[in-house]
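Open the model in your viewer and keep the selection panel at hand.

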Amino acid sequence: MGERDRTDDHVARWAPIVSDLDPDIEGAVTRMVFFVKHIRQVREEFLAASGLQPHEFDTLHALAGRHGTAAPSQLAADLAMPPNSVTGRLDALERRGFVRRSPSATDRRRVVVELTPAGRSAWRDAMDGLGVEEHRLLGALDPGERRTLSDLLRRVMLRAEEETDRPGGPDS
């Protein structure tokens, strides 16, 4: 079997207690939970060290994902937040010099949010730092294995996104 991780110990502890425990399902789910917790912890530590709050990074990331320019309503949709909450975030980011708001060229009643060079730099520095840990962890796999992992997780997520068949879903 090779090296053991803490999930192997977890599965070994629970297998005699839960008679129908599928060790592969329990192992996969537990490893994914631990992986996400690890990435979140590293993200929080890195952002704190870089002087960005997680919500600031998330907002800069959403704006960068729209090529550095977006309407506040687009950012609100991307962040799954009410528009008035995005306004507060943009106010703080504008004070830090990370974004600038200006009237739309096509509709003066609308506002356009732009990522400033300082905002792009702060976002890029955070992205680069977070990417180092992601590459370190997934570097345990060769490129073909990474592709396979991504493809397998896509299949799992497609199943998770099927709301009609799950207990408690709309058709229950």
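Which residues in α4 meet P83, V86, R89 and L90 in α5? Select P72, L75, A76 and L79 in α4. Contact here means heavy atoms within 4.5 Å. Helices are DSSP runs (H or I, at least four residues), numbered from the N terminus.

Before going on, note that this is a predicted model: local features need pLDDT of at least 70, side-chain atom pairs count only at pLDDT 80 or more, and totals for chains, interfaces and linings use all residues. Residues are numbered from 1 along each chain as its sequence is written, and side-chain values use heavy atoms, with hydrogens and water left out.

**α4 and α5**

Show residues 72-79 for α4 and residues 83-95 for α5. Their axes are 9 Å apart, at an angle of about 105°. Axes are lines fitted to C-alpha atoms, for helices over the stretch in contact, and angles run from 0 to 180 degrees between N-to-C directions. The angle makes α4 roughly perpendicular to α5 (65 to 115 degrees). Color this contact by class: seven residues are nonpolar, none polar and one charged. Nonpolar covers Ala, Val, Leu, Ile, Met, Phe, Trp, Tyr, Cys and Pro; charged covers Asp, Glu, Lys and Arg; the others, Gly among them, are polar.

**α2 and α6**

Next, select α6, residues 117-138. Its axis is 10 Å from that of α2, and the two pack at about 150°. α2 and α6 are therefore roughly antiparallel (over 145 degrees). On the α2 side, pick residues including F35, I39, V42 and F46. Their partners in α6 include A126, L130 and L137. This contact divides into eight nonpolar, two polar and five charged residues.

**α1 and α2**

Move to α1 (residues 6-14) and α2 (residues 23-50). The axes come within 9 Å and cross at roughly 135°.

Last stop: R6 and F34. R6 lies over the face of F34, 3.7 Å from the ring centre. The rule asks for NZ of Lys or CZ of Arg within 6 Å of the ring centre and within 35 degrees of the ring normal.

Key: Parallel < 35°, antiparallel > 145°, perpendicular 65-115°, else oblique.
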